[in-house]
Amino acid sequence: MALTGIQILKMLPKKNCGECGIPTCLAFAMKVAAGQAEIETCPYVSEEAKATIGEASAPPIRTISIGSGDAKFVSGGETCLFRHEKRFEHATGIAILMKADEDEASIDGKIVRFNAMEYERVGVYMRANLVALQDTGDGAAFTALTEKVIAKLPKAAVILMSENTENLKEAAAACGDRTPLLYGATGDNLDAFAALGKEINAPVGVKGSNLDDLVELATKLVDAGVKEMVIDTGARTMRGCFEDNIVARRSAIKEKFKPLGFPTITFPCEMTDDLMMEAMISSVLMAKYAGIVVLSDIQGDVLFPLLLEQLNLYTDPQRPMVVQEDIYPISGPDENSPVLITCNFSLTYFIVSGEIEGSKVPSWLLIKDTEGLSVLTAWAAGKFGADLIAAFVNKSGICDKVKHRELIIPGYLATIKGELEEELPDWTIIIGPREAGHLPAFLKEWKPTA
Ligand code: SF4
């Protein structure tokens, strides 16, 4: 049963030293109780208390990690059924399948695509996270494929898929410190998987023939001391998988049913032969709790929409997305280029910068920190007033980058023009268009007056 903040406080050393990053033990205890801080961040708490609190405050969907460094993938840690209740914690992992007996050219193509396909949106870098390597019976070929992937895919966490734990052990050794997920524990090999998982400290993927079977197997693995697990109900239709994912998540969150309190792994690659259909199935499963989706391949038109969906689902709905306050050069501006200013709400930034880029007029875009509020909201909240804009312009360093002194402000801020001219007496304030879509035409007309 979850502990309250006061119960947790009683087990803390009460030094109030702030080394956990939170000024007092009481505040820290409250955050741990709310699932917003990890008990491990207090260096003084006893191992006994750590175990008690850790167990009681663990999220209903356990957090698991695969790999390390740039190749680390984390899943689980979920505490709610719906994003608006709080937020979803760790985005669905997108894995690409490679088989040990697959044609070398095909493997090489997948490696090239995996490395090349990285996208940046609203300051977030997005890509596929994992490779799922499938043993086809030849242990040497399986290990050779693993070695190749480890050498050529520095950002891929690895799933090793085999029913043969000897083959798994050898391939896992080739992963070095990139601890893989060992997938494929069934009723026939459960003990060997549990032993190997504990021996190399790797998470274990367990596959049931249905939900009931999965519960039984997962319970046995937990009893055997396996702490990190990924679960597969065995469903290989979109509907079956979708339903099972929902049952598993509801059971874990609402009923605190521990055997299903782990991230799920799903295999759209085994549900169809059509890559586009795999993407469609993946998009459905991502929306309903898939921890990992395994695709047979990735192409830009398949991966990119999935990454955007992932971005939509896994951003924190209570926190606006922001870009950093700064001067952003667009299309190689010089000392005669126009200077525009707007707020740091990500959507605004990307729309405005996109229109400027589309205009092909090299420009300087000043982004003022408005705590993620859009232009009018920020102005109404007192975060985008003339005094604050002037202070930012003066300290931004833009004066060293341009010869002219003309500042283009959003059309919606026309009312502060006079005030801003008083605050920035050396600058001429130009009112830009209200809609970003009108920026290209506006910029093409713009010329510095002096
Ligand atoms: S580090 Fe530990 S002792 Fe120090 S304030 Fe945080 S919880 Fe309290």
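**Entry 1. Domains**

What distance separates the centres of domain 2 and domain 3, taken over C-alpha atoms? I find 45 Å between these centres. The model is predicted, so I note its terms: local features need pLDDT of at least 70, side-chain atom pairs count only at pLDDT 80 or more, and totals for chains, interfaces and linings use all residues. Residues are numbered from 1 along each chain as its sequence is written. The assignment for the protein chain gives domain 1 (5–57), domain 2 (64–314) and domain 3 (326–445); such bounds come from an automatic or database domain assignment.

**Entry 2. The chain as a whole**

I looked up the extent of the protein chain: its C-alpha atoms fill a box of roughly 80 × 60 × 40 Å, taken along the principal axes. I count 16 helices and 17 strands in the protein chain, where helices (H or I, at least four residues) and strands (E, at least two) are DSSP runs, numbered from the N terminus. Of the 450 residues, 40% are buried. I use three classes, judged by other C-beta atoms within 10 Å of a residue's own: buried with 20 or more, exposed with 12 or fewer, partly exposed in between, with C-beta atoms placed from the backbone. Among contacts (C-beta atoms, placed from the backbone, within 7 Å) between residues at least 6 apart in sequence, 65% join residues at least 24 apart.

**Entry 3. Ligand shell**

I list 14 residues around the ligand, the closest being K15, C17, C20, C25 and C42; a residue is near if its C-beta atom, placed from the backbone, lies within 6 Å. The shell divides into nine nonpolar, three polar and two charged residues. Here Ala, Val, Leu, Ile, Met, Phe, Trp, Tyr, Cys and Pro count as nonpolar, Asp, Glu, Lys and Arg as charged, and the others, Gly among them, as polar. I then turned to C17, in the loop between α1 (5–10) and α2 (25–33). C17 counts as partly exposed because it has 13 C-beta neighbours inside 10 Å.

**Entry 4. Nonpolar cores**

Which residues have the most contacts inside the largest nonpolar core? I find A95, L130, V131, L133 and L160, in a core of 77 residues. Another core lies apart from it, with 33 residues, among them L340, I356, W379 and L443. A nonpolar core is a set of buried Ala, Val, Leu, Ile, Met, Phe, Trp, Tyr and Cys residues joined through C-beta atoms within 7 Å. Beyond four places in sequence, the contacts of L130 include I66, F73, A95, V158 and I292.

**Entry 5**

I examined β15 (residues 363–368) and found it largely enclosed by the rest of the structure, because six of its six residues are buried. S363, L365 and I367 point one way from β15, and W364, L366 and K368 the other way. Strand β13 (residues 326–330) runs antiparallel to β15, joined by five bridges, and D326 has I367 as its bridge partner. Pairing requires at least two bridges found by DSSP. β14 pairs with β15 in the parallel sense over five bridges, with L340 partnered by L365. β14 (residues 339–343) also pairs in parallel with β16 (residues 406–409), over two bridges, and V339 stands opposite L407. β16 in turn pairs in parallel with β17 (residues 428–431) over four bridges, where L407 stands opposite I429.

Key: Two residues are in contact if their C-beta atoms, placed from the backbone, lie within 7 Å.
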